[in-house]
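Dear colleague,

My findings are set out after it.

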Amino acid sequence: IIGLYDELQSSVLNQAYRSVITKAKDIAEALLPLKASVSPGRTFADTLQRVRKLIDSKQSDISLLTYHICEKLRLLHQRTHPERAYEQPIAPEVALAAAQDLVEVLKEWGYAR
């Protein structure tokens, strides 16, 4: 995870906006199963579905906000795929918002202040 965070920081500094979103999603995807005590799904969408069921049944302390931030990162990541990148370029503000969203998730999970 630390390596992914270092890569995220490098992407921000290098203004690699698609990479910022990808790294933010990768970190959330790696940590969510650990924090929710579920096995990772085949895809991030699968993991999110499992976590949502736990949230709805009050069997997880993952907040609904954190769940939605992770879902947002997953959806933003879809825009980084080369076949979609030309349809809708990533604005710097969107990438930096994704990084900030990840910080909020990391705060909730006790990895940041």
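The notes below concern the nonpolar core and the salt bridges.

Please bear in mind that this is a predicted model.

In soluble globular proteins, nonpolar side chains tend to be buried together. Here, the largest nonpolar core has 29 residues, and those with the most contacts inside it are L32, V51, I62, L102 and W109. Helices α2, α3 (44-56), α4 (64-78) and α6 (92-108) each supply at least two of its residues. The largest share, 8 residues, comes from α2. Apart from residues up to four places away in sequence, V51 touches L32, A36, V38, I62 and Y67.

The structure also holds 7 salt bridges. One of them joins K23 and E7, with 3.0 Å between the closest N and O atoms. This pair links distant parts of the chain, since K23 is in helix α2 and E7 is in helix α1 (residues 2-13), 16 residues apart. K23 is buried, at 17% relative accessible area, whereas E7 is partly exposed at 37%.

A salt bridge between D26 and K25 has an N to O distance of 2.9 Å. K25 lies in helix α2 (residues 17-36) and counts as buried because its relative accessibility is 10%, under the 20% cut-off. Beyond its neighbours within four places in sequence, K25 is in contact with F44, L73, R74 and H77.

In helix α6, E104 and K107 lie 3 residues apart, about one turn of the helix, and their side chains form a salt bridge at 3.6 Å, N to O. E104 is partly exposed, at 36%, and K107 is partly exposed, at 36%. Elsewhere, salt bridges that share partners join K25, D26 and E29 into one network.

With kind regards

Methods. Residues are numbered from 1 along each chain as its sequence is written. This is a predicted model: local features need pLDDT of at least 70, side-chain atom pairs count only at pLDDT 80 or more; totals for chains, interfaces and linings use all residues. Side-chain values use heavy atoms; hydrogens and water are left out. Helices (H or I, at least four residues) and strands (E, at least two) are DSSP runs, numbered from the N terminus. Buried means under 20% relative accessible area, exposed over 50%, partly exposed in between (1.4 Å probe, protein chains only). Contact means heavy atoms within 4.5 Å. A nonpolar core is a set of buried Ala, Val, Leu, Ile, Met, Phe, Trp, Tyr and Cys residues joined through side-chain atoms within 4.5 Å. A salt bridge is a side-chain nitrogen of Lys or Arg within 4 Å of a carboxyl oxygen of Asp or Glu.
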